[in-house]
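Visitor: I would like to know what stands behind the words used for this model. Please take me through them.

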Amino acid sequence: MEKQWYTISVYSENNIGLLNRISGIFLKRHINIESLNVSKSEIENVSKFTIVIFASEEWTRKIVGQIEKQIEVIKAFYHTDDETIYQESALFKIESHLLFDERQIQNIIKESNSQIVTVARDFFVLAKSGRRHEIDEMHDALEPYGIMQFVRSGRIAVSKAAMPITNILSEFQNK
Amino acid sequence: METLKEQKKDAKNSTALKISGAEAVIHCLLAEGVDLIYGYPGGAIMPIYDELYKFQDKLTHILTRHEQGATHAAQGYARVSGKVGVAMATSGPGATNLVTGLADAQIDSTPMVCITGQVPRHLLGSDAFQETDIVGISTPVTKWNYQITRADEIPEIMAKAFYIARSGRPGPVLIDITKNAQFDELDFTYEKCSGVRSYKPVPKPDIKAIEAAAELINAAKKPMIVFGQGVILGEAEEELKAFVEKTGIPAAWTILGLSAMDTSHPLNVGMVGMHGNYGPNVLTNECDLLIAIGMRFDDRVTGSLDTYAKQAKVIHFEIDPAEINKNVNADVAVLGNAKQTLDLLLPLVYKNEHKDWKAEFDKKHQIEFDTVIKNDITPTKEGLTMGEVIEQINIASEHKAVIVTDVGQHQMIACRYAKFKQSKSNITSGGLGTMGFALPAAIGAKMGAMDREVVAIIGDGGYQMTIQELGVIFQHNVPVKIVVLNNDHLGMVRQWQELFFESRYASTVMVNPDFVKIAEGYHIKSKRVSVRSELKDTISEMMASKDPYFLEVKVEKEDNVFPMIPSGASVSDIRLK
């Protein structure tokens with residue numbers, strides 16, 4: 001089966017140890033997590049894991065089944081890139097003098113739609129949100145001038161279709 | 001002491017009880033109906049052991065000689081009784097010694113709660129004496145686990161632990177309790193857990209799926225059932241029997257499904273899998289409908305998936321949604337508890353007979369009988385076979401005993417030939433294949449079913465992995481019957497070496513001690529049999545014994561177990577020799 005990118009969304013209780021339990025499911029099957037983000041979700045006291053893997057649909061489905069089986073997981077979904085709206089964020093730390101010495105830098109900032117987060121005597125910081133390839137392009141453009149530090153976040157994504165977590169929770173409440 | 005207890009009782013009636021975390025653990029266990037636990041004390045769990053001392057009239061603690069023994073005893077207890085087994089250990093090495101039992105219970109879906117002591121909260125992460133991250137270590141081999149660091153968490157977490165262990169597809173739960181939480185006080189009230197919002201233990205049966213299953217069943221010309229432990233765990237034995245008898249469909253079983261249906265039932269066609277029976281294995285690839293009930297298509301059952309039942313439609317009755325389409329794709333998946341789903345199915349299926357199709361099984365059985373079974377259970381050669389020992393136990397026990405097996409050749413032979421009338425009678429380590437399982441599991445099985453005869457059948461290798469549990473049998477006079485089938489080899493590995501590694505017997509020849517003397521050292525009645533003429537009478541003597549009894553049978557050193565599906569081969573390529 002052909003491999004592609006899948007975004008797995010996991011709604012769960014916010015408990016210590018669950019991250020370990022979920023990552024173990026990937027470890028056991030020798031599947032690399034390409035990106036992982038944990039945050040609160042649209043529902044109070046419910047956490048959301050956003051996990052990106054490069055795998056076949058069959059494997060992704062089985063993994064999601066194993067994730068859902070975990071006691072503290074409320075529900076898990078998987079989507080292809082086409083089925084989600086997704087972004088990553090990156091920060092670039094660059095020497096301040098380059099902003100004035102290299103005119104091209106200002107063009108890169110404008111063209112990439114990135115923001116200057118802070119400017120200090122020695123360095124300034126650029127923030128960029130977008131698709132992975134856009135961030136990669138910006139990185140490639142800035143690299144020749146020297147990047148002091150670079151960091152990119154995990155993918156965050158929302159699905160185009162509904163994820164009916166509230167229904168599941170209210171179903172339990174009314175049982 | 002008494003007055004204090006009385007005061008506490010009064011307090012419970014009015015308001016919450018102020019007690020230590022350690023005492024709360026005991027009250028939780030009692031509230032869950034636990035009256036027996038297996039374990040081993042140590043520094044970090046001493047407050048709980050101190051309470052066990054005070055409550056020994058209500059709660060029996062059995063000191064196993066190793067923590068692994070405690071887990072297997074708890075498993076044996078759980079498997080015969082259907083109740084949750086409980087094991088306890090201290091932190092560090094005590095906790096890590098539970099891991100094999102946890103993994104075994106996880107893969108074989110056995111309800112078990114393990115309680116471990118942990119270093120005090122303020123020392124967590126400091127590499128304190130006997131500190132180990134047991135929650136981290138046990139995560140992949142538990143259904144759920146949790147570390148309690150505050151006394152007031154105890155009632156809710158313990159209630160949740162028992163609920164999770166026993167509900168849905170059962171499994172092991174580990175609760176790690178820091179020492180400060182055992183010492184600190186809490187206001188104790190206990191409420192049993194009835195649900196966890198993120199956990200759906202039993203999927204609601206879908207009537208449409210059941211109707212679709214009935215349609216396939218009614219149309220099938222050559223249907224075959226393979227049932228597993230789900231029938232036993234779901235207590236669906238009667239429903240299975242009714243389904244089989246109404247439809248006339250031949251029913252085979254996985255190793256963990258054994259004893260869910262009377263082995264002498266005319267429609268019981270035997271075991272599937274690597275060393276299963278010839279008929280059900282070969283005919284898996286000839287049936288037009290495969291009805292899987294409470295089983296998970298383990299690789300030892302299916303052989304090569306590429307050639308497994310490709311011609312057949314598949315119906316999968318299963319409680320765990322993650323098992324559906326995991327190994328074998330189902331044309332119809334019926335989620336739910338087998339007791340409930342089979343009950344809903346029964347009125348929808350036609351009364352039927354599949355005489356010609358059943359005759360295929362009988363024909364195959366005759367072939368297997370002539371080439372394998374006859375020589376196994378009524379051998380004419382000089383050396384004793386494992387099969388004839390099992391056959392004599394069948395005769396002496398009248399098919400009523402609980403048979404506990406370890407792992408290897410003796411296990412396959414026992415599961416092939418042991419006869420059962422009653423469910424929950426076959427206790428073995430199926431999925432994990434844990435050598436050393438049988439002796440402690442037999443202790444637990446006996447304590448979980450005191451009115452039943454319990455016979456442990458063990459190889460000379462596995463026996464020595466947990467042989468120290470003879471101490472428990474001796475101390476508590478646990479009247480189990482221990483049969484070691486001694487071939488002075490690690491027989492199954494030796495068989496593979498003979499068949500697939502050109503007889504290079506790397507580390508499989510066992511240099512064994514005098515097992516009879518060892519049993520005598522524990523004051524256990526013991527005997528050794530090396531000739532056929534003594535076998536029958538000695539087994540009768542053993543079965544009649546009111547006390548524990550150890551029997552070593554010296555069997556042929558280099559016998560092989562057949563039939564056999566070589567690893568990775570197709571079920572229809574099963575070898576008879």
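Guide: Start with handedness. A crossing is left-handed if the near helix is turned anticlockwise from the far one by less than a right angle, and right-handed if clockwise. Helix 2 of chain B passes helix 8 of chain B in the right-handed way. Helices (H or I, at least four residues) and strands (E, at least two) are DSSP runs, numbered from the N terminus. This is a predicted model: local features need pLDDT of at least 70, side-chain atom pairs count only at pLDDT 80 or more, and totals for chains, interfaces and linings use all residues. Residues are numbered from 1 along each chain as its sequence is written, and chains are lettered from A and ligands numbered from 1 in the order in which they are written.

Visitor: What angle do helix 2 and helix 8 of chain B make?

Guide: About 35°, with the axes 10 Å apart. Axes are lines fitted to C-alpha atoms, for helices over the stretch in contact, and angles run from 0 to 180 degrees between N-to-C directions.

Visitor: Which residues make the contact of helix 2 with helix 8 of chain B?

Guide: Helix 2 of chain B gives Gly21(B), Ala24(B), Val25(B) and Cys28(B). Helix 8 of chain B gives Ile154(B), Pro155(B), Met158(B) and Ala159(B). Contact needs C-beta atoms, placed from the backbone, within 7 Å. By class, seven are nonpolar, one is polar and none is charged. Ala, Val, Leu, Ile, Met, Phe, Trp, Tyr, Cys and Pro count as nonpolar, Asp, Glu, Lys and Arg as charged, and the others, Gly among them, as polar.

Visitor: Why is chain B called as compact as a globular protein of its length?

Guide: The globule rule is 2.2 Å times the number of residues to the power 0.38, and the radius of gyration is taken over C-alpha atoms. The rule gives 25 Å for 577 residues, and chain B has 25 Å, so chain B is as compact as a globular protein of that length. Its C-alpha atoms fill a box of roughly 75 × 60 × 40 Å along the principal axes. Chain B has 24 helices and 20 strands.

Visitor: Why are strand 2 and strand 4 of chain A placed at the edges?

Guide: Strands pair if DSSP finds at least two bridges between them. The open sheet has the order 2-3-1-4, with antiparallel pairing. Strand 2 and strand 4 of chain A each have a single partner strand, so one side of each lacks a neighbour in the sheet.

Visitor: How many bridges join strand 1 and strand 4 of chain A?

Guide: Seven, in the antiparallel sense. One partner of Val10(A) in strand 4 of chain A is Ala76(A).

Technical notes. Contact = placed C-beta atoms within 7 Å.
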